[in-house]
Each structure stands twice: as structure tokens, then as C-alpha cells.
Amino acid sequence: MRYYPAFMNLTGRPVLLVGGGEPAARKLRLLIRSGARVTVVASRANGEIAELAKTGSVTLRCRHFRPADLDGQGLVIGATGLPAIDAEVSRAAEAAGLPVNIVDRPELSTFITPAIVDRDPIVIGISTGGAAPVLARRIRATIETLLPSRLGQLARFAESFRTAVAALVPGGRPRRVFWDGFFDGPIARSVLTGNERAARETMLSLVNRRGSQQAPEGSVAIVGAGPGDPDLLTLRALTALQNADVVVYDRLIGPEILDRARRDAERIYVGKAKGDHAASQDEINDLLLDHARSGKRVVRLKGGDPFIFGRGGEEVEHLRRHGIAVELVPGITAATASAASAGIPLTHRGLAQAVTLVTGHGAEGEPDVDWAALAGGNHTLAIYMGLSNAGRVAERLIAGGRAPGTPVAVVSRATLPDQRIEIGRLGELESLVRDRAIEGPALILIGEVVALADAAAQVDAVVEALPLRAAAG
Ligand SMILES: C[S@@+](CC[C@H](N)C(=O)[O-])C[C@H]1O[C@@H](n2cnc3c(N)ncnc32)[C@H](O)[C@@H]1O
């Protein structure tokens with residue numbers, strides 16, 4: 001992150017604005033709304049600025065900028081659009097140790113101002129770090145359409161009940177549950193549709209009723225986080241993460257996904273890599289149980305889908321045996337994510353009528369799988385955890401009758417920025433994995449459908465070097 005996001009309290013604070021045209025006027029409107037004490041220095045001020053000066057809303061000095069204008073100021077904004085003056089303002093402000101923003105000149109600025117969605121007191125700032133201001137404006141337009149226009153009123157309504165709620169509903173989880181119920185419920189909807197009086201009456205009775213209730217029971221949501229790209233979280237997974245008190249997560253869960261959890265949720269790592277277990281399955285089961293029993297909303301976050309080679313079933317069994325409510329949230333599994341990244345349809349008329357998700361790794365090394373039964377044509381295999389046994393799996397499939405020329409794809413770190421897609425043939429699977437130094441997590445796809453990969457836009461240059469295209473054509 002190139003810029004640190006922050007909101008400044010400018011109420012009553014002195015700000016210097018240099019410039020008198022429309023860009024300066026745009027900045028001035030916002031500065032006045034935030035309560036700043038603004039001095040404008042401009043050799044010529046437009047009608048709007050001149051009018052504001054007449055009414056005493058700003059102080060206007062109609063002349064060129066001088067470094068002495070910085071005396072006593074707390075913040076500086078340059079909006080003349082004249083390169084020499086902008087550079088002078090920037091230099092002088094930096095020399096005086098004042099934060100400075102020059103409109104559309106990030107290289108002359110120590111801070112930049114975001115595009116905003118304003119539902120005062122809720123303000124959403126959007127910044128692309130100066131990379132693509134037009135994109136920031138488009139994001140703002142999208143957010144504008146998503147947020148109700150009376151969202152600010154809703155925030156003020158809630159604020160007006162904060163003290164009453166704090167007196168009646170115990171702090172921590174019960175109070176958070178109360179407010180969640182409020183924002184999800186009919187009272188908030190009444191405020192948003194403009195019926196604030198009725199909302200106020202209902203709210204009073206709700207506060208009194210809830211004030212006498214006990215803290216609710218804890219629960220566990222077993223949530224699939226998908227293959228790694230946070231955009232592939234489901235909406236239900238996001239909601240669960242945002243309501244969680246505790247997030248218990250695995251090795252394949254990246255920081256971008258964890259960042260979607262409620263900020264003050266406790267995060268507990270129980271990652272399991274081959275030969276390196278931060279916690280045993282029994283310990284994880286007990287951890288989930290203990291937190292749920294203490295009344296917490298626990299999210300057990302697993303890569304991909306929790307019920308595909310994820311041991312989600314064992315956790316559910318354990319929790320249900322102990323009477324804990326369990327919610328199941330499916331996720332996008334590595335097989336479908338990898339196939340999509342490589343542009344490979346897992347089934348395709350004439351090429352594959354079936355797809356099998358199978359593990360290439362068992363508790364003792366090679367899994368107890370009847371590879372010969374999986375060796376038939378017209379059938380796609382998606383092999384999880386298959387890198388270390390790739391050679392043996394290929395041997396067994398070929399011995400079972402699968403052609404050595406069957407196309408294979410190895411997709412590592414699917415959907416993540418360093419995703420790799422390697423394509424070859426079944427007979428050379430072991431050397432493909434070894435020679436290309438493919439690292440996990442990786443998914444092996446085997447079947448005629450892999451030949452369709454080279455038509456897909458997302459397969460990168462690695463594919464270009466492979467002999468498959470000519471052979472498959
Ligand atoms: C313990 S399994 C968990 C599978 C997970 N529950 C799912 O549904 O995707 C771990 C294996 O999933 C596969 N995998 C997980 N994430 C992946 C990714 N981003 N790209 C490719 N393979 C992945 C790899 O085969 C890895 O060894």
C-alpha cells in the first residue's frame with residue numbers, strides 16, 4: 001500500500017488553499033463542509049470563491065502566493081494548475097513541514113485526496129494511489145448505486161440510541177449481536193425509507209426487551225474460502241467472516257482473505273502442511289468446541305471447499321455430537337478454479353462425460369485408489385495433492401489403459417498472482433513436475449479436455465513452448 005488511509009479532523013483548523021479557479025472551488029466546498037478555517041490565496045478568484053469570501057466563509061487574499069502565507073497553517077492545498085506556482089507551493093510547504101496536496105500532481109504532494117462517497121457521517125474514500133483516477137471514479141459510481149441515500153440518517157439514528165443500548169445491553173458480543181439485529185431488521189429499514197418516527201418507537205421497545213436477555217449461544221460456521229483469490233469468496237462466506245468473533249484458519253488461507261474478516265476477530269492459525277502440523281485434527285476439533293461453548297461465533301475457514309479433501313466432515317461430526325450449531329458454507333474447490341484458470345472445461349461433449357476428484361496422496365504416501373478403474377477414456381481426472389506421487393499415478397493409469405499421450409495440465413497456485421499453468425502429456429507427467437520445478441499447492445488435470453486449454457486467453461506463455469498444440473490440432 002503506497003498511501004496510508006486516514007481521515008483528518010479539520011474542524012476549526014487553518015488550511016491554506018492556493019488557486020482561484022474551478023479546481024480550487026471544488027476543494028473549497030469540501031474543506032468548508034469539514035469545518036476547516038480556509039484562507040484562499042489567488043491572483044484571481046472565480047465568482048463562487050469571491051462570494052464565499054464576501055459572506056465570511058473564507059479569507060481571500062487576492063495576490064500571488066508567498067511562502068509567508070504558510071505561517072500558522074496546518075495543511076496546504078495547491079490548485080492553480082500552473083506548474084511553476086504549484087511547484088513553489090509544494091517546495092515551500094515541504095520546507096515548512098506542512099502536509100501538502102497539489103491537485104493532479106501526486107509527485108508534488110505528501111498526501112492525496114480520495115474520491116469520496118458522502119453519506120455524512122459515513123464517508124467512503126476510494127484511492128488508486130494515483131494509478132488510475134478514472135477507475136476510482138467508476139468505483140465510486142458503483143458504490144453510490146449500492147448504498148441507500150438515507151444511510152447517513154441511519155447512522156445518526158443508531159448514534160442517538162448508543163447510550164441507551166450501552167446501559168441496557170451488556171458490552172462485547174451481546175451488544176454487537178443487538179446492533180447486528182438492528183441493522184438487519186425492520187427498524188433500520190423504516191429509517192432508510194424515511195419513516196423515522198415509527199422506527200424510534202419500535203427501537204425503544206426493542207432496547208428494553210433485549211436488555212434483559214442473556215448472551216446467546218456460540219456457533220461454528222465451516223466456511224470454504226475458495227482457491228485463494230479473495231474475489232472468489234462467496235457472499236455467504238464474506239458475511240460469516242464479517243460476523244465472526246474467532247477465525248480458525250488453515251495454511252492455504254492468504255492474508256488478503258483474512259483481511260475480509262471483522263477487524264477485531266481473533267485469528268487462530270492451525271495450518272497443516274505435509275509433515276508440519278501446527279495443530280492436530282483432535283486439537284482443532286476441541287478448539288472449535290471450546291470457543292463455541294464460550295459463546296463465540298466461530299468461523300472455521302478452509303481452502304477451497306471444506307468437504308473436498310478438507311476434513312470438514314470430521315469437524316461437523318464432532319461439533320454436532322456436542323450439541324453445537326454448525327452452519328456449512330461451500331467454497332470454490334481447487335479443481336474447478338484451476339480448470340477455469342486454464343480455460344479447461346472439466347466435461348465436454350465428445351471428450352469427457354465424467355470427472356473424478358481424487359487425491360494423489362494417502363496417509364502412508366500413495367493413496368488407496370483403484371487407478372485402473374479411473375484409467376478409462378472420456379473421463380477427466382482432477383488430482384489433489386498429487387505432485388509427490390505424480391510419476392507413480394501416471395504409471396498406474398497407463399498400466400490401466402490410459403494412453404501415454406493423454407494431455408495433462410498442472411496448475412499451481414490457481415487464481416493467485418503467481419499462478420502457473422504447465423501442460424504436457426501423461427507419459428511425461430513426472431518429468432514435467434520435476435523439470436519445471438512445480439511447487440504446491442497444485443492440481444493435476446488429466447484428460448482429453450486439457451487439449452482445449454490452448455484456446456483459452458488466460459493460459460500464459462508457458463503453454464506456448466509445449467508440443468501439445470501441434471499434436472492436439
Ligand atoms: C488438503 S487439499 C484441500 C482442498 C480444498 N479443500 C479444495 O476444495 O480445493 C489441498 C490440495 O488442494 C489443491 N489446491 C488447493 N488450493 C489450490 C490452488 N490455489 N491451486 C491449485 N491447487 C490447489 C492442491 O492439490 C493441494 O495440495
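This is a predicted model: local features need pLDDT of at least 70, side-chain atom pairs count only at pLDDT 80 or more; totals for chains, interfaces and linings use all residues.
Colleague: Is threonine 415 buried or exposed?

Modeller: Residues are numbered from 1 along each chain as its sequence is written, and side-chain values use heavy atoms, with hydrogens and water left out. Buried means under 20% relative accessible area, exposed over 50%, and partly exposed in between (1.4 Å probe, protein chains only). Threonine 415 has a relative accessible area of 17%, so the class is buried.

Colleague: What is phi of threonine 415 near?

Modeller: Threonine 415 sits in the loop between β17 (407–412) and β18 (420–425); helices (H or I, at least four residues) and strands (E, at least two) are DSSP runs, numbered from the N terminus. Most residues other than glycine have a negative phi. Threonine 415 is not a glycine, yet its phi is positive, near 75°.

Colleague: What is the relative accessible area of phenylalanine 309?

Modeller: You can find phenylalanine 309 in the loop between β13 (297–302) and α12 (312–321). Although not a glycine, phenylalanine 309 has a positive phi of about 45°. It counts as partly exposed, because its relative accessible area is 40%.

Colleague: What is omega for the peptide bond joining glycine 440 and proline 441?

Modeller: Most peptide bonds are trans. Proline 441 lies in the loop between α15 and β19. The bond joining glycine 440 and proline 441 is cis, with omega about -5°.

Colleague: Which loop holds proline 121?

Modeller: Look for another cis peptide bond, running from aspartate 120 to proline 121 with omega near 10°. Proline 121 has its place in the loop between β6 (115–119) and β7 (122–126).

Colleague: Why do the buried residues of α14 line one face of the helix, and what is their arc?

Modeller: The buried residues of α14 (residues 390–399) are Ala390, Gly391, Val393, Ala394 and Leu397. They line one face because, seen down the axis, they fall within a limited arc (taken from the directions from the helix axis to the C-beta atoms), namely 165°.

Colleague: Which elements do the buried residues of α14 pack against?

Modeller: Start with the other face: turned away from the buried side, it carries the exposed residues Glu395 and Ala399. Packing is judged by contact, meaning heavy atoms within 4.5 Å. The buried residues of α14 pack against β16 (379–384), α15 (429–435) and β19.

Colleague: How much of the ligand's area does the protein bury?

Modeller: Polar contacts here are pairs of N or O atoms within 3.5 Å. An oxygen atom of the ligand is 2.6 Å from an N or O atom in the side chain of threonine 333, and one is 2.8 Å from a polar backbone atom of methionine 385. Alone, the ligand exposes 570 Å² (Shrake-Rupley method, 1.4 Å probe), and the protein buries 87% of that.

Colleague: Which of the 18 residues around the ligand come nearest?

Modeller: A residue is near a molecule if one of its heavy atoms lies within 4 Å of it. Among the 18 residues around the ligand, those that come nearest are Asp305, Ile308, Thr333, Met385 and Ala442.

Colleague: Which residues is leucine 452 in contact with, beyond its neighbours within four places in sequence?

Modeller: Leucine 452 lies in the loop between β19 and α16 (468–472). Its relative accessibility is 28%, so it counts as partly exposed. Leaving those neighbours aside, its contacts are Gly343, Pro345, His348 and Leu351.

Terms used:
A polar contact is a pair of N or O atoms within 3.5 Å; within protein, one must be able to donate a hydrogen and the other to accept it, and residues adjacent in sequence count only if both atoms are side-chain atoms.
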